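Please examine the sequence and the model below before reading on.

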Amino acid sequence: MRRPVRPSSKPITTRSGKVLKVNRSLGEHYNAMRQAKALRKVNRMRGLPKSRIKRLAWRMHPRRLAEYWFSRDGAIMALKVVGIFIMVLFIITLGIFAYFRKDLKSISDISGSNLGGSISYYDRTGKILLWQDYNAVKRVPVQSNEISPYLKDATVAVEDKNFYSERGFDPKGYIRASVADVLHHGGTQGASTITQQLVKLTRDYNQPRTIALKLKELILAVELERSYTKDQILTSYLNVVPYGGVDYGAQAAAGDYFHKNASQLTLPEAAMLAAIPKAPSLYSPYDKADFDQKLFMARYDYVLDQMASQHKITQVQAKAAKQHDVLAEVQPQQTKYAGIRAPYFVLAAKRELDQRFAGETANVGGWKVITTLDMNMQKVSEQRVAENLPNVQFAGGDEEATVTEDVQTGQMMALVGGTNFNNSTYGQINYAQWPISPGSSIKPYDYSALIGNTNAGAGSILYDIVDPLPGYPCTSRQLPPHGNCLWDFDRRSPGPMTIRYALGGSRNIPAVKATLSVVPGNQQASINKVDNLADAMMDGNVGYHCYKDGVNVTQASVADQAPCTPSSGIGDGGYLHLDQHLNGLSTLGRMGEAIPATYILKIYHGTNTKPFYQWTQPQAKKVMDAQTAYILNNMLSDPQASYFAYGTKFQHYNGWDIAVKTGTTNDNFDGLMMAWTTKYAVGTWVGYHTRQVSLNAEMENLTMPITRNVIESALDTVKTGPVNWKQPPGIQTLPVYRSRIAYNSQGPPPSTDIFPSWFKQKSGSSQTQTIDKVSGLLATNCTPALAKQFLGGGSALSSMSIDQFYPPGHPSASNVTVAASDNVHHCGDSPPTIRITASDCNTSCTISATPFSGTHPLNDSTYPQYPGTVTISVNGRQICSSSKINDGVPVQCGYKPTFSGSGTITATVTDSVLYSGSDSKSVNFTRAAQPLTITNIGTTKASWSGGSGTYTVTDTDHNKQLCTAPAGATSCTYSSSVNPNTNITISDTGGDSVSGPAKP
């Protein structure tokens, strides 16, 4: 068995003579190290002098210093010193960071919102840019993908070539700049990175460039790099960097310099823009005073060289771009309103924005505003205004305005506030938001307040008679402006009228009476209640107000307002805005529910994809009973009650009921027409730009071409079909006095009318009486039939009159039962006569009828409510009528027959007291041939229009007769069905034929 080898106790010696020792524990090792260190120190200190001064010199000897610092102990000491230095530097850095950071706000927004910028307005789709509004800064933030890659590369190449590799600052450049700043006592030095420049721009660090400020920039730049991607930082920088003048950001610069989006910039254009931020005053062509073309071209070439050297582009591309005359592409600097679309609508939206965000819109940083504008409706409105301007100018005016509203939402769909926005004198006045007097278009508010607060309905009676009224003493009956009576514009006094015909005929006297009767016995309270209802219906911040004499209403304040007078009930002396007026009448369209109008749908902040404001349907305010609203809509959409001439009434259109109300001020300064349905409402104003010139025309002829065409065009866009007002529960239908009418164009008054549920009929005479319409007394045997009015029971005037101002001086509604008899008509009176002059009518002719007066004149100023009238009819169908007749002067009527054969012409004349006479004559008529036209061809039936004689329908593909029809027919059914697309021919015996394929 082998025994283990015992370790040798002989020490091991190295070649250098040192003895290797093995420590048995860590303690022995530590003690050995201490002893070795002490020994080394002793060896170094040999020869150390005793004197302290000599010791210092001895220690600082270069040989001994080198021996120490290059020894093991010196190296360890150097590491300790460096470590302590690093630790101290780290602590100092943290302290500096904490000291400066405590005063810095967190960077949560790098959009440049503090700079302000353009507020961009778009149509309701968000796709059509209408205008970019700006003050000192024109800036439109865009997304990264909306900026040309050329501009990104050019900017990085010339501003910060290490942008993608550095972490917010360039250490070498920063040290160099800091040293230069110290040596130059705070002077500026470059080397800022794009991130630092973004901090400077977005934090508004434009004060003197101190070291403290640069430290702040550095701190925030580092934070920026930690919080955002490089692409986000570069995009934000390109959205805020100045490009000369008011242009900040790539989109605004591209739009002004090249009239294109930033995404469309070419290489030369991008290089040009990248050259400008270094010194905008020198390099921007828009700075006429300081622009240096030579310096710019040098800078431009430098940008391209940098892009090429950094391999952003090739040398060939750089050379081609240098040879390109980019300055020739620069567009003239635009004015603030250059390129604006729908300017008046946009200004209305801007007004709402300023009111909604009061004090905030001066510095908003590039808001994107999506308006309610429907561009198609706007184009129609602008076209109609332009087409109608010659009519207005011919009448002495020069301005027009029209507004379209979505009734159910309160969103304004279109607005034209004037005829020429570029007119330097008054073009930027938005007459849709300008104080105007509404004239008779205010009357729906009068009658809404009357019916909603009193015992009245559509069939209630007010007397349209010239008499003294509050505000109108009527001591002089001369016509305006010399007299002081209240007159209707036609200077007639028809007498008792139902509210339906008083409103439809736009009568002034009943309207003022209605305004004064809302609160019985308190006239000012009545006026105030009408005005308050109008304000509530408009639900806006302007409303309907009157002002002290001499006040400029365009600049008036609340302190300038004064109580309204009775004339405000006919729109004189009171002022409102057209768009809010339209919203007020739209409240009727909403069956009494008021909501605020709006021009804005959404607002986005900068490049955010989520809006910070979004319109929502407002909670409606119930400002009147639905029954009141329905009655007003029913009256104003009644073509029979409307005074419009035949052929111009548009209260019914393709199944839609349209409520229409006109307005003309007494001085003819303002003409309005308002129209509304359940879906859309349109309001129009015409006048002179100062509103101080009387227009020489019937206002309806100036306002209807716009209002009618615009609302009909709007209704044509509704794909769901017509939706009309539904009669609410409680509406009563009662017998009424058959009102007199003021115009020949009005249809016969109904024998019944509608009233609200709260209406209670007054007791009237149960005895039937016959009244003479002309005198207002009991009829006699000599009273002509046309002058007789049968009254009794509920239809008696005593039951229906709500007139608080009639009498005095005339037979009142309660006195029509007196025994006094007709004193106008006498049995010996001769009626008027008329003589027809006409011959056979072949396709077209002129019929002449000459009236002659009888005992009473055809027209008599004593009875202006009944003007002499001539009507001409063919086979009982009226073809024309005229109330402008004179004794012995023929009335002529052009006529195109609608039939062929013998017919009877009848002419009737009615004089001023309702005597009448007639004449008849039989002549032959020949209708002009009308071409045969297909209406529809089906597989079982064909229909057509026009043609003459008998008709034959043939299957021409199979030469088979399908059916025949007699003269005058417009369709026939086949003997057997045919297949779709079979060729069908319709022919008549007059030699005309048409063909077409059968449709399934």
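The torsion about the S-S bond of Cys474 and Cys485 is about 90°, so this disulfide is right-handed; a disulfide here is a pair of cysteine sulfur atoms within 2.5 Å. The model is predicted: local features need pLDDT of at least 70 and side-chain atom pairs count only at pLDDT 80 or more, while totals for chains, interfaces and linings use all residues. Residues are numbered from 1 along each chain as its sequence is written, and side-chain values use heavy atoms, with hydrogens and water left out.

**Cys474 and Cys485**
- The two sulfur atoms are 1.9 Å apart.
- Both Cys474 and Cys485 lie in the loop between β10 (461-464) and β11 (495-498), 11 residues apart; strands (E, at least two residues) are DSSP runs, numbered from the N terminus.
- Cys474 is buried at 11% relative accessible area, and Cys485 is buried at 7%; buried means under 20% relative accessible area (1.4 Å probe, protein chains only).

**Cys546 and Cys564**
- A disulfide with an S to S distance of 2.0 Å joins Cys546 to Cys564, and its 105° torsion about the S-S bond makes the link right-handed.
- Cys546 belongs to strand β12 (residues 545-547) and Cys564 to the loop between β13 (561-562) and β14 (574-575), so the pair ties together parts 18 residues apart in sequence.
- Cys546 and Cys564 are both buried.

**Cys880 and Cys893**
- Cys880 and Cys893 form a disulfide with S to S 2.5 Å.
- This pair links strand β32 (residues 877-882), which holds Cys880, to strand β33 (residues 891-895), which holds Cys893.
- Relative accessible area is 18% for the buried Cys880 and 4% for the buried Cys893.

**Overall pattern**
- The structure holds 6 disulfides.
- Counting bonded cysteines along the chain, the pattern is 1-2, 3-4, 5-6, 7-8, 9-10, 11-12.

Technical notes:
Helix = DSSP H or I, 4+ residues; strand = E, 2+ residues; numbered from the N terminus. Buried < 20%, exposed > 50% of the residue type's maximum accessible area, 1.4 Å probe, protein only.
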